[in-house]
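Subject: Structure for your review

Dear colleague,

Please find below the structure that I would like to hand over to you. I would be grateful if you kept it open while reading the notes that come after it.

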Amino acid sequence: MPFKALSSGARRRDGEMMTESTAAFARRIPKVEMHVHLEGSMQPDTLLRLARKHHVDIGADTVHDVESLYGYTDFLHFLEVYQMSTQVLRDAEDFALITYEFLRNQAAQNVRYSEVMVSLSDHLIRGIDAETVMQGILEGQRRGEHDFKTRMAVILDAGRQWPDLVPQVQQVAARYAGRGVIGFGIGGDEANFPPELFTDEFAAAREAGLRLTCHAGEVAGADSMWGAIALGAERLGHGVHAHDDPTLYAELRSRRVALDMCPVSNVRTGAIPTLHAHPIRRYLEDGLLVTVNSDDPPMFGTSIANEYRALAEDLGLERAQIAEIALNGIRASFLPQDEKQRMEAEFRTAMGRLDE
Ligand code: ADE
Ligand code: ZN
């Protein structure tokens with residue numbers, strides 16, 4: 001057992017104490033995050049501030065009002081609220097601000113590296129120039145990485161419900177490949193826009209040297225996951241339907257296709273009925289390459305530390321299993337091999353000291 005120190009002391013007789021120590025463990029364990037949306041990470045007070053700055057009516061005046069907006073009838077309702085909230089992002093300073101705050105928040109939870117998705121289509125559709133978005137994000141990244149000592153890389157995530165914009169998002173990703181952008185993917189309305197529609201864009205992205213991800217198996221089934229693999233996606237976002245198809249399940253395991261899982265998000269969008277029904281534990285124990293992530297943290301009333309806490313408290317994972325999931329994040333990342341090895345060694349050292 002590589003994480004002996006982690007698994008010792010995990011159980012306390014006093015339930016209160018255990019809750020507190022689990023939350024502290026979840027915050028302190030070194031982490032990377034592979035599935036988190038920049039716009040969906042905007043804090044409610046920042047959303048309100050930017051709405052006032054640009055005189056945008058978001059139907060909310062207080063943080064409490066904003067939190068009320070974040071109750072969804074279903075997945076498509078979530079996507080509507082997501083798109084509505086992006087309207088407050090207008091100039092490069094706004095994108096710099098949310099990127100800077102994102103990095104501050106990641107650092108506070110001991111996240112050392114994030115591959116953060118940017119929903120470029122949501123901005124293009126409103127007439128915001130891609131350069132404004134990218135220059136703002138890169139400036140926020142420069143300042144945030146310096147001030148908070150945590151790193152990030154961008155994945156441009158095209159909204160599949162606007163198929164006509166997907167080529168443009170892919171081209172912007174290609175233009176910024178190696179200059180802040182590491183990957184390309186698709187999100188949004190999975191049920192109505194299957195992966196096959198985007199074969200050309202994925203091929204072009206790969207040609208441009210970008211790494212590939214795809215939301216799949218979140219609100220559609222195994223067919224959608226097969227389609228995503230056929231596009232060349234190396235990581236699938238969510239993938240809660242993997243076990244619907246035993247052949248798919250075996251394929252994901254043998255090809256080491258990562259599943260970037262987001263348990264609280266899945267409950268809040270209705271993708272799964274309860275946290276207890278989430279398959280992440282089963283997938284981990286069956287040897288799939290699973291990572292844990294917060295997706296759109298304030299929009300789902302969660303945080304990356306809370307996802308780690310939930311693994312322990314709601315899903316009953318041992319600390320050694322949780323540490324393995326943290327390391328899976330590094331393995332599934334798009335970092336170069338030597339950086340992965342260096343980071344894994346660093347994490348193992350830090351994990352060994354957690355109980356001190
Ligand atoms: N965009 C932001 N969050 C998303 C999610 N959970 N699924 C698909 N697209 C998204
Ligand atoms: Zn997502």
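Predicted model: local features only at pLDDT ≥ 70, side-chain atom pairs only at ≥ 80, totals over all residues.

Ligand 1

I began with the surroundings of the ligand. The residues around ligand 1 are H37, F75, F78, Y82, G187, G188, H215, E218, H238, D295 and D296. H37 takes part through its side chain, where a polar atom is 3.3 Å from a nitrogen atom of ligand 1. On its own, ligand 1 has 260 Å² of accessible area, and the protein covers 98% of it.

Helix 6 and helix 8

Helix 6 spans residues 92-108 and helix 8 spans residues 130-148; their axes come within 7 Å and cross at roughly 35 degrees. The crossing is right-handed. On the side of helix 6, the contact is made by A92, F95, A96, T99, Y100, L103, R104 and A107. Helix 8 contributes residues including T132, V133, G136, I137 and F148. What kinds of residue make up the contact of helix 6 with helix 8? They divide into nine nonpolar, six polar and five charged.

Helix 15 and helix 16

The second pair consists of helix 15 (residues 304-313) and helix 16 (residues 319-332), whose axes come within 10 Å and cross at roughly 145 degrees. Here, too, the crossing is right-handed. Y308, L311 and A312 of helix 15 meet I322, I325 and A326 of helix 16. The residues of this contact comprise six nonpolar, no polar and no charged.

Yours sincerely,

A colleague

Note on methods:
Residues numbered from 1 in each chain as written. Chains lettered and ligands numbered in written order. Heavy atoms only, no water. Axes fitted to C-alpha atoms, helices over the stretch in contact; angles between N-to-C directions. Helix = DSSP H or I, 4+ residues; strand = E, 2+ residues; numbered from the N terminus. Left-handed = near helix turned anticlockwise from the far one by under 90°. Contact = heavy atoms within 4.5 Å. Nonpolar A, V, L, I, M, F, W, Y, C, P; charged D, E, K, R; others polar. Near = heavy atom within 4 Å. Polar contact = N/O pair within 3.5 Å; in protein donor to acceptor, adjacent residues only side chain to side chain. Areas by Shrake-Rupley, 256 points an atom, 1.4 Å probe, with all protein chains shown as cover.
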